[in-house]
Every structure is written in C-alpha cells, then in structure tokens.
Amino acid sequence: RAYLDRVRSTTGVVASPHHEPDHAGIFRALEKRIISINEETCSPGEENSFFVCDLNELVTLYKNWRKELPRVTPHYAVKCNPNPKLLYYLAQMGVNFDCASKMEIAQILALGIHPDRIVYANPCKMSSYIRFAEKQGVLYTTFDNVEELHKIKKFHPSARLLLRITTDDSTAQCQLSTKYGAALSSVPELLQTCQDLQLNLVGVSFHVGSGASDFSSLYYAIRDARWVFDLAESSFTLPALTLLDVGGGFQLHSFKESSQVLRDGLEKFFPEGCGVRIIAEPGRYFAESTLTLATHVIAKRKVNDDEAMLYINDGVYGNLNCILFDHQNPTPRVLHHSDKFHYFDFDSSAPPHAVSKNHRYKVSIWGPTCDGLDCITKECYLNKDLVVGDWFYFPHLGAYTSSAATPFNGFDQIADTIYINEEEAQANIASL
Ligand code: PLP
C-alpha cells in the first residue's frame, strides 16, 4: 500500500493533457457529417450512429507507450477493436498483434504482417485453429493446462509456448483469472509435461485483468513469472526461458501509474540485460480514446417539464454493448443540432465521466431495440431540453464497442467511421 501511494504521488493518476485526442478536429468531423444529413429526406439508416477515429491519437499513444515502457513491445489485442485502418496504422508504427482466433490471425496476415509478429494469446484453442496457426507459420501461443499441451504436440509441435499463469485480479473490473491461467501449484506438472513431450516452452504470460484499481497485482505477477523461470531452469532440463508477456489491462488514465509499477517489477525480477524479451498485449490503451461515437435522438417521451426519456439509435445490442460486456459507463455528451449547429456540454477539463447534477433536465437514455435491458443510462442531467433530431456523442468509446455489436432486432449496427488527422499521423509515423 505504502509503495503504491508513493508511486501515485510521483506519477499522478491522470494522463498529461497532450494525450487528449484532437477535440476540435473531432467536432469538425461530427459537425460536417451531421449537417449533411437531412432528417426529412434521408434514406433509412443514413442517420445511423457513426464513429470518428483520430488516427494521430494512435501515434501519440504509441509515442507515450515507448516513453513510459521502452523495454516492452506492444502486441495490440485485436479483439478490442479490429477496425482495419486502426490495425494498419498500428502495424505501420511497428506495433505487433495479439490474436485470439482464426479470424483475427487471418485478418492480421492479410495486412501482410509477418506471422512472427503475432502471439496467438488464447490458452484454450480449438484443434482446427491450432492446425490453422501451424499452417500459417504462427508460432507463439499461450497455454495453461495439460490437455492443451497434448493438442499442441499433435497439431503444432514446433510452437513456441508461453505458460499463462493466474494473477490476483480481485480489484479489476474485467477479471480474467477466473477463466484462464494456471495456478502456481500446477506449474511443476505443466513444466514436466513440456519436458516429456519435448515441447518448445519459451516463456511465461499473464493478464492482471482490466480496469484494476491496484497495480500491485502487476508487480506480484512479474514476481511469480520469475519463480516459473527459475523453476524451469533449476528443476527441469528445459532450455532457458527468454520471453515474458505481461498481458493487457493498461488504460490511458492510469498508464503512468501502471507503467511505473511495471518498470519497478521488471527492474527487480527481469533487469535489463537478463536476456529476457518483454512483450505486452494492450487493447483498450490504444483503442479507447482513439474513437468517438455519435448517436441521434430518435424519440422522446416527456415525463414532466424537467424530465424525459430519450431514445437514441444505438444501444447495448449495438456499439454501446460495452455497458453490458465491459463494465463501462459511457457518458453521453450533447451535440445540439437545430436551426444553427453548435455544441455544448463540452468541457475538455471535465473528467470524462462527469455528470453534472446542476443541470436542469433529467433524462434517461434508451437504445432503439424493444428490449427493456437496452438502457444507456437511467439518470443523467442535461443543460438543454433535447428534441428528436438532436445528437449525442460519446468520447473515448473505441474499446470493446464495435467489435461486439450485434444486428439484434434488425438494427444494423455496423457504424461508419470517419477518419481524421491521417496526414499528421503519416508524417508522425515517418519520423518515429
Ligand atoms: N490479452 C488477453 C489474453 C485478453 O484476454 C485481453 C482482454 O480480454 C487483452 C489482452 C486486452 O486487454 P485490455 O484491452 O484490457 O488491454
């Protein structure tokens, strides 16, 4: 606790302002698109929700990553947002990839990316997918159980294996160790099986969960990984392990703090020059702030003079599924769109999840499907009485959103994406 307090007091928990996306550019893109939609005459779907993707934000995030974690090579977790342009730009910058399925591997290989830049980070794989990885030359993969090792021996005997260990993710919002990761007590058996089957064990991986409030789990996971490295060397005839995969769960708002803990853990247990390569699997760190979602008010039910129910054309079955699946609590911000376009409720200094109770109009916001579960927020306060045709936007909505959107109830939720700052991004990548 004292250690974490010290880290917090030296790093601060908030990202520095230059890591904010280009709000002015995002608003210009929102404005241009929304003004072009004539609500009276547009075809069905033309007023659908859409994303604005700030490509230069990706470059800023990558630079920030290199500054904070120069020893750690990121493998972007494709599941978080497989937007092809986002993947392309990440690849151009030299970011590698974490794929969890055949489709994700195929998508990355189709970009012309070498299979050695992929870690197939799913410890429980279908046999047919293991055969696919073998055929495509994808070597790095994770495992956490003996059965998986037998499948790998049969279908991909030359794979380079990372033993995924469990972590204490009790403070994480998205916990993964309930599902994956070998307990330390089962590590000797797994190492023995690797030795007996003459498999190519190259290292250890873990994931401390996402949305953690206590990063000491990261430190302890590195310590546990060191224990596995030492055990493999001292008690087995396995070749020395050379790769540590520290997983994902990094977020922009806590990145300085998690990076500090990670650097301290690495310095203590895997110091520079120890011969171990370090990789990570960040997803939300790269996708979250890069994309903004805009949605449109399609209906309104007045409850009283100061209270209403607003219905918008995206919801928990669409791009706002992160409310159900990823424990996110996205804050709607208002883009007013009546006779003269202007926005309000935008305050770049406000924390992203601030909802001001000082605002007069109380609303609940609902998605378009007929399911009562499709609720974006039960209570939210606005400073204007919105009407049908007005627009909301949700900043920082790129992570675990479009990747899990469904067409439930016949609502096509494949949202268009408008890209901004492409030239700046390219110039900045060229000078990396
Ligand atoms: N790696 C693995 C194995 C995961 O399961 C996940 C998310 O579920 C990630 C990386 C990415 O996590 P995040 O987006 O929180 O960085």
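In this predicted model, Leu-55, Leu-58, Val-59 and Tyr-62 of helix H3 meet Leu-86, Tyr-89, Leu-90 and Met-93 of helix H4. The residues of this contact divide into eight nonpolar, no polar and no charged. H3 covers residues 55-68, and H4 covers residues 84-93.

Two packed helices are described by the angle between their axes and the distance between the axes. For H3 and H4, the axes come within 10 Å and cross at roughly 35°. The crossing in which H3 passes H4 is right-handed.

Where the domains meet, 19 residues of domain 1 are in contact with 23 residues of domain 2. What kinds of residue make up the side of domain 1 that touches domain 2? That side divides into seven nonpolar, nine polar and three charged residues.

The ligand is the next place to look. It is surrounded by 16 residues, and the closest are Ala-77, Ser-210, Gly-248, Glu-281 and Gly-283. The shell around the ligand contains seven nonpolar, six polar and three charged residues.

The contact of H3 with H4 has no polar and no charged residues. The side of domain 1 that touches domain 2 includes nine polar residues, and the shell around the ligand includes six polar residues.

How values were computed. Residues are numbered from 1 along each chain as its sequence is written. This is a predicted model: local features need pLDDT of at least 70, side-chain atom pairs count only at pLDDT 80 or more; totals for chains, interfaces and linings use all residues. Axes are lines fitted to C-alpha atoms, for helices over the stretch in contact, and angles run from 0 to 180 degrees between N-to-C directions. Helices (H or I, at least four residues) and strands (E, at least two) are DSSP runs, numbered from the N terminus. A crossing is left-handed if the near helix is turned anticlockwise from the far one by less than a right angle, and right-handed if clockwise. Two residues are in contact if their C-beta atoms, placed from the backbone, lie within 7 Å. Ala, Val, Leu, Ile, Met, Phe, Trp, Tyr, Cys and Pro count as nonpolar, Asp, Glu, Lys and Arg as charged, and the others, Gly among them, as polar. A residue is near a molecule or strand if its C-beta atom, placed from the backbone, lies within 6 Å of it.
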